[in-house]
Amino acid sequence: MFQSLPWYALILLSVGVSALIAFCATPIVKGLAIKVGAVDVPKDNRRMHKKPIPRMGGLAIAIAFLLSAILFSDLDQQMRGILIGSVLIVILGVMDDIMTLRAWFKFLVQIIAAAIVVYSGCTIRYFSNPNFFSSVSVIDLGRWSIPITIIWIVAITNAINFIDGLDGLAVGVSAISATTLLVIALMVSEANVAIIMAALLGGCLGFLPYNFNPAKIFMGDTGSNFLGFILATMSIKGMFKLYAIISFVVPFLILGIPIFDICFSIFRRLAKGQNPMKADRGHIHHRLIDMGFSQKQAVSITYMLTALLGLTAVLLTNSGEARALILIGSIFVVGAIGLRFIFNTKNLPPEEERQLQEVGNEQN
């Protein structure tokens, strides 16, 4: 019915309808979360809130996205696989928000959802060669495309979950990433990908007023896993198909902050001899708080970095001669900030500073 409309009308409708549905559905989901016991009680120093707050708010985002995507996008085989996998992820998230599932079970379901996407034909089969000096411009992954695609989807799904530690942080970062994907999709004439990203952006915008500090509801694992799953799968459908020499880097820039945080978190925990999935208070947002920033300032800084990386991705997609300079500059900026977080122990809590010193002594 709506597919006969111009692409720009479909994008506006997609973002508007999704935002309206999410905004109206969130209070209903909040009441449901309280009724079923999906409430986040502050019980350790990782949590920034001081009183119990309902979670599972991501259900409103998911409902808004799915309805908008079904109404306004072209549901080809790949998109149907992505939507089916996302529904599985939402069900997993709701269950986890209510009863806290075991990590191995969540990983298993995430792998199954990723496998559904792969089965639908959405895989990272080709990407541009990052070696500027090679005569081969495109790399064919062949049989490795399946495991690499599954690893990418599961990793990004969990990466968004890792940064969901401050009011408005993960949903805002996801909204900025979705906007970047939307703009790039339009630049490379992927209108359907743009419509899907508009639906995701709308869902995030409709939920944000309830999630800004001080948050009235958290999106929980329902929201963080869902957002990560959609961003991961849509980056495959839209971005990895670009055959420009630098397109290989684009998805990593768009999702740079979550990717950096999950990689650094796993490395840090392994260095301490801990389970890499064991929660701790060493994420980017925690370190910003420990450096003296308020919650709102820490969230704003993360937004700014995400937007900077997103702008770099857009410029890399569109420009020619300046690509290498922009890429090198962005790597230096993000790398410098990253090193600042890694080696800053001045304002860390005493216990974490002691643990980091012990790790350093053991390595020496």
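Reader: Buried means under 20% relative accessible area, exposed over 50%, partly exposed in between (1.4 Å probe, protein chains only). What share of the 364 residues counts as buried here?
Author: 52% of them. This is a predicted model: local features need pLDDT of at least 70, side-chain atom pairs count only at pLDDT 80 or more, and totals for chains, interfaces and linings use all residues. Residues are numbered from 1 along each chain as its sequence is written, and side-chain values use heavy atoms, without hydrogens and water.

Reader: OK. How many helices and strands?
Author: The protein has 14 helices and four strands. They are DSSP runs numbered from the N terminus (helices H or I, at least four residues; strands E, at least two).

Reader: And contacts? What share joins residues at least 24 apart?
Author: 74%, among contacts between residues at least 6 apart in sequence. A contact is heavy atoms within 4.5 Å.

Reader: New topic: the backbone. Where is the cis peptide bond?
Author: Between Asn-213 and Pro-214, with omega about -5°. Pro-214 sits in the loop between α7 (191-211) and α8 (220-238).

Reader: What about phi at Met-56?
Author: Met-56 is not a glycine, yet its phi is positive, about 80°. Look for Met-56 in the loop between β2 (53-54) and α2 (58-72).

Reader: Is Met-56 buried or exposed?
Author: Buried. Its relative accessible area is 2%.

Reader: And Ser-189, what is its phi?
Author: Near 65°. That is again a positive value in a residue other than glycine. Ser-189 lies in the loop between α6 (169-187) and α7.

Reader: Is Ser-189 buried or exposed?
Author: Exposed. The relative accessible area of Ser-189 is 66%.

Reader: What volume has the second largest cavity?
Author: About 40 Å³.

Reader: Which residues line the second largest cavity?
Author: Ile-163, Leu-169, Ile-257, Asp-261, Ile-284, His-285 and Thr-302. Lining residues have an atom within 4 Å of a point.

Reader: Which helices each supply at least two residues of that lining?
Author: α10 (256-271) and α11 (284-290) do.

How values were computed. On a 1 Å grid over the protein atoms alone, a cavity is a set of points where a 1.4 Å probe fits but cannot get out, and a pocket is an open set with protein on both sides within 12 Å along at least five of seven lines; lining residues have an atom within 4 Å of a point. Grid points are joined across faces, edges and corners, and a volume is the space filled by probe spheres set on the points.
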